[in-house]
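Here is a short report to read beside the structure. Keep the viewer open and follow each element as it comes up.

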Number of protein chains: 2
Amino acid sequence: MVTDLSRVTVLAGGFGGARMAQGFALLGDAVELTVIVNTGDDLELHGLSISPDLDTVMYTLAGLANDETGWGVRDETWSAAGQLERYGEPTWFRLGDRDLATHVARTARLRSGESLTQVTRGLASALGIAASLLPMSDDRIRTKLQTQDGWLDFQDYFVRRGHRDEVSDIRYDGIHSATPTAGVLHAIQAADLVVIAPSNPYLSVAPILSVPGILESLNAAKARTVAVSPIVGREAVRGPAAQLMRSLGAEASAAGIARHYSKTWPGLIDTLVIDASDGEEAAAISAEGLGVCVTQTLMTGQTERRRLAQEILELAGAH
Amino acid sequence: MVTDLSRVTVLAGGFGGARMAQGFALLGDAVELTVIVNTGDDLELHGLSISPDLDTVMYTLAGLANDETGWGVRDETWSAAGQLERYGEPTWFRLGDRDLATHVARTARLRSGESLTQVTRGLASALGIAASLLPMSDDRIRTKLQTQDGWLDFQDYFVRRGHRDEVSDIRYDGIHSATPTAGVLHAIQAADLVVIAPSNPYLSVAPILSVPGILESLNAAKARTVAVSPIVGREAVRGPAAQLMRSLGAEASAAGIARHYSKTWPGLIDTLVIDASDGEEAAAISAEGLGVCVTQTLMTGQTERRRLAQEILELAGAH
């Protein structure tokens, strides 16, 4: 069917968020796309400001992403990393040469006084990205995870320790004094459709929704809100989402996602998109008061990403 | 002949300074080597602190230098430079990936509060360099050149515009309030032999000797001071030294170097080493009151570098 929806705002983490965003970007002129990206994963390393989720979305939208690893740039080289290692710099967070250039340019521009929003716009525009790519805030927010070894920095937990620790609590340092940018609020208010990408509920979605003003703005907005479950077959498509849900008292399933979202952000989500392999959970999700859309949600290649985006667009238009 | 000289302090710019320093380093345990390096060429680019002369000396002593270009690292890759170009960052000062890692590490450490001396020691030590590598000062000094287009930053003149401008004056911004480090003063006071490398008299040697206290320390020191002429056959071995001498009223020749050094720093230099091809200038140099050593001064490979260093060591010991 033909739909007249056009302004789509995606809330995104890295891996699943980037692929979902690309699906909408591949719809071309039919969609005016804004992607609001988690920055709770950001870190400083070698004196550089690194925004892994923003970069994954940016590289993916620019067609530069390494689809095999799910992070970084394809056709990457590693000369600088080798030299940094010789200097005794920390090497657990591997930076390819092209990727390093992104952090160097970002850091230089931040230091010259540009906001992260301005820097991101400049970099994305230089890479020919038509979508509007927005950090969830220009303020510094850092996700921390409580484990048996105490509170860990996000990338320490995620990359250095390979997200193997049992997590008992999560906090977003800086979130209470953070504000969303005017661009973020506008993208929510003006949207015809808000899509919560299949990103980690605790590590990607929650930080965005916890920036004071964003949830209120979403609740007040006219847009339909569709979420895509990051859990397929009781496991995360990637990363520690399932393990975190279980640790933090939720059920790692599509229905568990529905309950977690409904409980945490009542009334926010209109429809949950779940994978066909989880079809038997549709009734339980309906019981939570959510609409359900059962389809193929795995976004391996561009074809699947575009098709899922098209389906969500039609779903929202048809409602 | 056998000499008991051992503590050698070389004053160095980039190209000729690095090769001269390596010559002494190749003498091994016979020499305790300190290299005091010009930092007037330093610049900030992409928010990074770049010290080209320190890096050329460091890469050369570490065996990493690109001998074909005379700057940068061999087996270099250029991925980051390509990405920086895509972002619209300035590209006239080309940074290879390995070289970029040096600037990233240096900048991070400077920002964390280390002095340039400390940073340089850390990087050089990590690369296995036994010699002591010292910036001429930890203070910010920037060489500027007056041309028909006004005062230019050093690298703007040297790299961006290919040192083609006629230079009418040179100044070293920040020099009057700069101080030499304790390490520099100690290396001069303790030296048995001070060698002024065949570096540019205005752009490498003069900045070092203009740091308040360095010339006084050299004049008070017990060491013999030997300079190697950077002019061979009335041309610079590399770079704009001959052209600058002519522009600034000196004669571009080995004898011109003798007169320039004697006039600018009276009594500083005991012996000038000149190339065999300039042997007919020996008498004119003697007339300036300087000792003369005529030999092969071109330091193409490690064999030539080591031989010249050995010869200078014997010369100083024999006197």
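In chain A, helix 1 passes helix 2 in a right-handed crossing. The model is a predicted one. Helix 1 of chain A covers residues 15-25, and helix 2 of chain A covers residues 52-61. Their axes come within 9 Å and cross at roughly 35°. From helix 1 of chain A, the contact takes Phe15(A), Gly17(A), Ala18(A), Arg19(A), Ala21(A), Gln22(A) and Ala25(A). Helix 2 of chain A answers with Asp53(A), Thr56(A), Val57(A), Thr60(A) and Leu61(A). By class, this contact has 6 nonpolar, 4 polar and 2 charged residues. An α-helix has 3.6 residues a turn, so residues three or four places apart point the same way.

Now turn to chain B. Helix 1 (residues 15-25) and helix 2 (residues 52-61) of chain B have axes that come within 9 Å and cross at roughly 35°. The crossing of helix 1 of chain B past helix 2 of chain B is right-handed. Among the residues that meet here are Phe15(B) and Arg19(B) of helix 1, with Asp53(B) and Leu61(B) of helix 2. The residues of this contact in chain B divide into 6 nonpolar, 4 polar and 2 charged.

## The sheet

Which strands build the sheet of chain B, and in what order? It is an open sheet of 7 strands, in the order 5-2-1-9-10-13-14. The pairing is parallel. At the edges lie strand 5 (132-135) and strand 14 (291-295) of chain B, each pairing on one side only. From one strand to the next, the twist averages 20°.

Strand 2 of chain B, residues 32-37, is joined to strand 5 of chain B by 4 bridges. These two strands run parallel. Within this part of chain B, Thr34(B) has Ser132(B) of strand 5 as its bridge partner.

In chain A, look at strands 1 and 2. Strand 1 of chain A (residues 7-12) is joined to strand 2 of chain A by 6 bridges, and the two run parallel. Val8(A) has Leu33(A), in strand 2 of chain A, as its bridge partner. Strand 2 of chain A (residues 32-37) has 5 of its 6 residues buried, so it is largely enclosed by the rest of the structure.

## Buried elements

Val195(A) sits in strand 9 (residues 193-196) of chain A. Buried or exposed? Val195(A) counts as buried, with 30 C-beta neighbours inside 10 Å. Leaving aside neighbours within four places in sequence, Val195(A) is in contact with Val8(A), Val10(A), Met20(A), Val226(A) and Ile312(A). Val195(A) and Gly17(A) are 178 residues apart in sequence, but 9.7 Å apart in space, C-alpha to C-alpha.

Helix 8 of chain B (residues 201-210) has 8 of its 10 residues buried, so it is largely enclosed by the rest of the structure. Among these buried residues of helix 8 are Pro201(B), Tyr202(B), Leu203(B) and Ile208(B).

## Two positive phi angles

His46(A) is not a glycine, yet has a positive phi of about 50°. His46(A) lies in the loop between strand 3 (43-45) and strand 4 (48-50) of chain A. With 22 C-beta neighbours inside 10 Å, His46(A) counts as buried.

Arg234(B), also not a glycine, has a positive phi of about 65°. The loop that holds Arg234(B) runs between strand 11 (231-232) and strand 12 (235-236) of chain B. Arg234(B) counts as partly exposed, with 16 C-beta neighbours inside 10 Å.

## Where the chains meet

Chain A superposes on chain B by a rotation of 180° with 0.0 Å of shift along its axis, at RMSD 0.0 Å. The two copies are thus related as by a two-fold rotation axis. Of the residues of chain A, Asp97(A) comes closest to this axis, at 3.1 Å (C-alpha). The same surface serves both copies, since 100% of the contact residues of chain A recur in chain B.

Key: Residues are numbered from 1 along each chain as its sequence is written. Chains are lettered from A and ligands numbered from 1 in the order in which they are written. This is a predicted model: local features need pLDDT of at least 70, side-chain atom pairs count only at pLDDT 80 or more; totals for chains, interfaces and linings use all residues. Two strands pair if DSSP finds at least two bridges between them. Axes are lines fitted to C-alpha atoms, for helices over the stretch in contact, and angles run from 0 to 180 degrees between N-to-C directions. A residue is buried if 20 or more other C-beta atoms lie within 10 Å of its own, exposed if 12 or fewer, and partly exposed in between; C-beta atoms are placed from the backbone. Copies are superposed by least squares on the C-alpha atoms of residues with pLDDT of at least 70 in both. Two residues are in contact if their C-beta atoms, placed from the backbone, lie within 7 Å. A crossing is left-handed if the near helix is turned anticlockwise from the far one by less than a right angle, and right-handed if clockwise. Ala, Val, Leu, Ile, Met, Phe, Trp, Tyr, Cys and Pro count as nonpolar, Asp, Glu, Lys and Arg as charged, and the others, Gly among them, as polar.
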